[in-house]
Amino acid sequence: MAPLRTTFALLLSLVSASAFAPVQNVARKQTSVSAFKIDPQLYDDAVSDWEKQFPAFSKWGWGPSVQAEKWNGRHAMFGWFFICATAYCKGHGLIPDPEMLLDLKQWGTLATISGKDTISNERAIILVANAHFFALSLAATICPLPFGDSLFVDPNHPNYEAMAERNKNGFGYLPALKFGLTEEAEIINGRLAMLGLVMLIGATATSGQNMLDIVNEWVGGAYF
């Protein structure tokens with residue numbers, strides 16, 4: 001045991017002595033992470049490139065234009081309103097006989113999913129409501145009201161000069177934050193609505209659930 005004690009004592013003394021030894025300063029190389037920045041000019045350059053490559057489409061407001069973004073954003077916002085209203089109706093029993101399947105003899109093949117399986121009464125009511133709103137949107141596209149925006153930048157429209165000037169001055173990738181009934185607020189809300197619909201469709205495709213159930217989960221079961 002004596003040699004073992006001697007060896008242990010020597011090791012302990014070496015460790016104790018090393019505690020008082022000067023520590024060599026090791027310069028640590030710090031890596032600076034540059035902040036992720038997006039050049040606002042990229043958005044304007046993309047719009048300018050589109051106008052040069054497709055002047056015929058750009059003339060009518062197609063492509064990355066304020067006109068197209070407004071229309072798409074408005075449809076997306078209305079889509080969210082319709083989805084939330086449908087979820088509310090489902091949760092409060094406002095849809096009659098939601099689980100009842102349509103009669104194939106009465107409704108024909110329009111009510112079928114595949115083969116002889118028909119859709120439910122709930123899905124039929126939602127489908128008919130969507131068809132009505134689509135017809136309303138189509139009417140607003142073909143014959144817009146004088147005070148409204150047309151789908152295209154039509155030279156014959158009373159507000160043509162205002163729409164053409166607005167398309168020249170885009171809002172960029174991040175519009176200014178202005179509350180109230182402003183164009184900036186409409187653009188931001190429209191972009192968020194479009195992004196939300198993409199997320200909702202992706203969640204539906206990956207989870208296999210329908211949209212109403214997913215939206216109800218997102219709001220913590222507030223609808224049903």
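This is a predicted model: local features need pLDDT of at least 70, side-chain atom pairs count only at pLDDT 80 or more; totals for chains, interfaces and linings use all residues.

Biologist: How many helices and strands does the protein have?

Modeller: The protein has 9 helices and 2 strands, where helices (H or I, at least four residues) and strands (E, at least two) are DSSP runs numbered from the N terminus. From the N terminus on, the order is α-α-α-α-α-β-β-α-α-α-α.

Biologist: And how many aromatic pairs turn up in the whole structure?

Modeller: The search finds 6 aromatic pairs, counting rings of Phe, Tyr and Trp (its six-membered ring) with centres within 6.5 Å, and calling planes under 30 degrees apart stacked, over 60 edge-to-face and the rest tilted. The rings of Phe78 and Phe133 have centres 4.9 Å apart and planes at 65°, so this pair is edge-to-face. Ring pairs also link Trp50, Phe54, Phe57 and Trp62 into a cluster.

Biologist: Which helices hold Phe78 and Phe133?

Modeller: Phe78 lies in helix α4 (residues 66-91) and Phe133 in helix α6 (residues 121-142), so the pair ties together parts that are 55 residues apart in sequence. Phe78 is partly exposed at 34% relative accessible area, and Phe133 is partly exposed at 35%; buried means under 20%, exposed over 50% and partly exposed in between, with a 1.4 Å probe and protein chains only.

Biologist: Switching topic, what sits over the ring of Phe224?

Modeller: The charged end of Lys90 does, 4.9 Å from the ring centre; the criterion is NZ of Lys or CZ of Arg within 6 Å of the ring centre and within 35 degrees of the ring normal. Phe224 is in the segment after α9 (211-218), and its relative accessibility of 36% makes it partly exposed. Leaving aside residues up to four places away in sequence, Phe224 touches Ala87, Lys90, Gly91, Leu212, Asp213 and Asn216, contact meaning heavy atoms within 4.5 Å.

Biologist: Last one: how do α4 and α8 pass each other?

Modeller: α4 passes α8 in a left-handed crossing, meaning that the near helix is turned anticlockwise from the far one by less than a right angle, clockwise being right-handed. Residues making the contact include Trp80 of α4 and Leu197 of α8.

Methods. Residues are numbered from 1 along each chain as its sequence is written. Side-chain values use heavy atoms; hydrogens and water are left out.
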